[in-house]
Structure formats: structure tokens, C-alpha cells
Amino acid sequence: MTTAIYTHPDCKRHEMGQWHPECPARLQAIEDQLIASRINNLLEHREAPKVDVAEIRRVHTADAIARVQENTATLAETGSGYYPIDADTMLNEHSWNAALRAAGAAVAATDAVLAGELSNAFCAIRPPGHHARPSEAMGFCLFDNVAIAAKHALEARGLERVAIVDFDVHHGNGTEEAFLDDPRVLMVSFFQHPFYPYTEVRPDSPHMVNVPVPAYSKGDVVRQLVAERWLPALHAHRPEMIFISAGFDAHREDDIGQMGLVEDDYAWITQQVLAVAKEHAQGRIVSCLEGGYNLSALGRSVVAHIKALAELV
């Protein structure tokens, strides 16, 4: 299999203050662990292009886009400072370009996988995306990268069914909202509950299987729900491509959440998703970084995830 990494230096230029956990060092930690694990040279490395804003418009309102673009431009004129989107989401002068690269990575990876150039891809990008609602940025997220890529696959590339797998510790409320009324998109996730973003827990539907779990849940709980709730829904949906919102903040070493996953759990989940992709989607997967804030645990978990994607385990 050919697995690619998409990233760009612009994704490190977006930052929200030295105190902020969603920091440029996250991408450096991933790069360092890929080298230390000796798999870096086994992967194809591709530079993320800037996305066409028309792609973002498939998911987000004009006002949501303008708020990021215009306030970033104002900061660029002054050369310093931040613009607060909400209490924990800010823009700096590089945020617009970073957001374009993040979404651009997801769309470019989608095209390359659909073209058969790659078996699958991981996008080492920031800002993350799955909290960004169609109408507003929030929760460290500016635009919903995975949702944009999924819409691209459906609207521009003609797929009929896709799936989104979200294993971040937080509920991917923006992704759920984007596809709540779109049965072409199956979303499966787990998330710590009650926890940010404190959105309504909806009952399962044929295309929304988002499972709340209590704090301190470990890998055995998650593996059981994957087997009993996710996999039947994924097989029933028969996706032609799978997108992953790959958050690693459910790791037991990550203080943002209070769950207890370890690297082997992320590898196992990835292997289950890959098996579904091979059965229904010609193996086609695009995975995009979401959360994960303990730098060591993040780097190790991403390596485990990529090893499973590339079948190096």
C-alpha cells in the first residue's frame, strides 16, 4: 500500500498564544515520532495546497468564512495580536493561510486517493476542524476539514455514499450538524459525555451513530462499542470512501479529557476501519488530525495510526 502524509509549514504558523494547548509543537511532535519510529521514509510526503474557497462554501456560510478571512487580514496589516472567535479559539495573522492549507490537504488527499495514486493518506494539519459549525468557528476549529473533503467527494467527484469516523474525545458537533440531514454520509463516533461542546446527544439514526461514553472509559469499552455499534452501521452503509477525524485526546496521558485509550487501541480501531474500507471502498481512506495535546502521547498515537493505515504492523 502507498500511504501519504500531507502537511505544510503554514499549519505551524497559526497559533493562539503560548498558553494554548492547540499549538504548533503538535505537528513537530508528530514529525519527530515518525522519524524516531523509522517509518518516515516508508511514507510518501506531499505538500498541502491551499483549498479553493468554493470548497469551503459547500459546508460553511459566507459569514463564517468572512469572519476568519477579514479578521486575519486585519491582523496581518498590524503584524501582531490575536482576534478572539470565542474564549479558546483565536486568529493570528497566519490563520487564514493555515486554514486553507488544512482544508486543502484534505481535499488534495481525497483526489489523490480517488485517482488511485495513493491507497490512503494522513493529513498532519492544524487548525483542526470537527467543532467548526456551518455558521461559526469554535473549539479550536476554523473550518471543518473532514466535512469539506467529504462534500468534495460527493459533489465534485460523484461518490454516492461516504462515511466519517471520529475518535476524538470530544463530540464532532460541527460534522454532525453539517450532515444531519444528508443520508449519503454516515457518521460514527464516540465521545466523552458530559463534556465539551455539551451538545445534545441524539439517538442513533441509520446515518448518525455517535456514542457518548463516561469519563475514565478505557479501550475495552471503546472496542466493544466499535464492534457492536460502528461496524454494523458501516457495513450497512457500504461507503465508497471513509474519512477519519483522528483525534488522540482520548489517550490516558492526555489531560484535556479523562479517557483511557492507549496506542494499541488507536491501531486496533484503524485496522477495523481499514477492513471496512477494503470490503466496500477499495481501501480508500483519508484521515485528518483533530485533537491530541500531550505531545508524547500524540506523536506515539499518530505513529500507531499510520502504521495501521500503511499495514506496517
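Strand β7 (residues 185–192) runs parallel to β8, to which it is joined by six bridges, strands being DSSP runs of E of at least two residues and helices DSSP runs of H or I of at least four, numbered from the N terminus, and two strands being paired if DSSP finds at least two bridges between them. The model is a predicted one, in which local features need pLDDT of at least 70 and side-chain atom pairs count only at pLDDT 80 or more, whereas totals for chains, interfaces and linings use all residues. Residues are numbered from 1 along each chain as its sequence is written, and side-chain values use heavy atoms, with hydrogens and water left out.

Within this pairing, Phe190 stands opposite Val211 in β8. Of the six residues of strand β8 (residues 208–213), five are buried, that is, under 20% relative accessible area with a 1.4 Å probe and protein chains only, where exposed means over 50% and partly exposed lies in between.

Phe190 is also among the residues with the most contacts inside the largest nonpolar core, which has 99 residues; such a core is a set of buried Ala, Val, Leu, Ile, Met, Phe, Trp, Tyr and Cys residues joined through side-chain atoms within 4.5 Å. Helix α5 (residues 95–114) gives the most to this core, with 13 residues. Phe243, also listed among those with the most contacts in the core, is in contact (heavy atoms within 4.5 Å) with residues including Thr110, Val146 and Val286, its neighbours within four places in sequence being left aside.
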